[in-house]
Amino acid sequence: MLSTDDRSGQPQADGQPVRRQLPSFLVIGVLSTLFYLGLFVAARRFTDPQAANLIALAVSAVANTAANRRFTFGITGSEGAVRHQLQGAVAFLIGLGLSAGVLALLDLAVPDASRAVEVTGLVVANGLATVVRFLLMKVWVFRGR
């Protein structure tokens, strides 16, 4: 839950001010998105869009959660890492639902969509999933950080 820190007046959610965490989260998000899109394009060479999306999103989501755990929320060591990854899987499933939905809609609307159109649709879905991911990580996965 977002609140205001009495000393700084900055918004925060159960711990560190959001303002201090957003830059790290955004950098990790951009790098994760580029990694995800690269994996998607590579996997698309040998499989259909939905399978390529699942592969790329699963790999990049694990890396994203680990990076945010360390750099955005300042958690080091292995204690709680498995739990954090399992909780991060909820954000993964939301992102998977959004991206799979976009690909399904594209398949209906533009059955022979180019890779560029597929990637553009995935960027939009990933943007929406990023907002949800930050909120879930801040208030549930890494609460109090």
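Modeller: In this predicted model, the axes of helices H2 and H4 come within 13 Å and cross at roughly 35 degrees, and the crossing in which H2 passes H4 is right-handed. On the H2 side, the contact is made by Pro49, Asn53, Asn64, Thr65 and Asn68, and on the H4 side by Glu118, Leu122, Arg133 and Met137. Sorted by class, these residues comprise three nonpolar, four polar and two charged ones.

The packing of H2 on H3 can be set beside this. Helix H2 covers residues 49-72 and helix H3 residues 81-109, and their axes come within 9 Å while crossing at roughly 145 degrees; this crossing, too, is right-handed. From H2, the residues in contact are Pro49, Gln50, Asn53, Leu54, Leu57, Ala58, Ala61, Val62, Thr65, Ala66 and Arg69, and they meet Ala81, His84, Gln85, Gly88, Phe92, Gly95, Leu96, Ser99, Ala100, Leu103 and Ala104 of H3. The class count for the contact of H2 with H3 is 13 nonpolar, eight polar and one charged.

In the largest nonpolar core, which has 13 residues, Phe92 and Leu57 belong to the group that touches the most other members, together with Tyr36, Leu37, Phe40 and Leu122. Each of H1, H2, H3 and H4 (115-141) supplies at least two residues of this core. Apart from that core lies another, of eight residues, among them Val18, Phe25, Phe134 and Met137.

What surrounds Phe40, once its neighbours within four places in sequence are left aside? Phe40 lies in helix H1 and is buried, because its relative accessible area is 0%, under the 20% cut-off for that label. The residues in contact with Phe40 are Pro49, Ala52, Asn53, Ala56, Leu103, Glu118, Val119 and Leu122. With Glu118 the separation along the sequence is 78 residues, whereas the C-alpha atoms of Phe40 and Glu118 are 9.8 Å apart.

H1 itself, residues 18-43, can be checked for length: at 1.5 Å a residue its 26 residues should span 38 Å, and the end C-alpha atoms, 35 Å apart, agree with that. Its buried residues are Val18, Gln21, Ser24, Phe25, Ile28, Gly29, Ser32, Thr33, Tyr36, Leu37, Phe40 and Ala43.

A contrasting position is Gly97, found in helix H3, which is partly exposed because its relative accessible area is 45%, between the limits of 20% and 50%. Gly97 and Ala125 are 28 residues apart along the chain, with a C-alpha separation of 9.1 Å.

To place these helices in the whole protein, the secondary structure comes to four helices and two strands, arranged along the sequence as β-β-α-α-α-α. Of the 145 residues, 39% are buried, and among contacts with a separation of 6 or more, 66% join residues 24 or more positions apart.

Methods. Residues are numbered from 1 along each chain as its sequence is written. This is a predicted model: local features need pLDDT of at least 70, side-chain atom pairs count only at pLDDT 80 or more; totals for chains, interfaces and linings use all residues. Side-chain values use heavy atoms; hydrogens and water are left out. The expected span of a helix is 1.5 Å times one less than its number of residues. Buried means under 20% relative accessible area, exposed over 50%, partly exposed in between (1.4 Å probe, protein chains only). Axes are lines fitted to C-alpha atoms, for helices over the stretch in contact, and angles run from 0 to 180 degrees between N-to-C directions. A crossing is left-handed if the near helix is turned anticlockwise from the far one by less than a right angle, and right-handed if clockwise. Contact means heavy atoms within 4.5 Å. Ala, Val, Leu, Ile, Met, Phe, Trp, Tyr, Cys and Pro count as nonpolar, Asp, Glu, Lys and Arg as charged, and the others, Gly among them, as polar. A nonpolar core is a set of buried Ala, Val, Leu, Ile, Met, Phe, Trp, Tyr and Cys residues joined through side-chain atoms within 4.5 Å.
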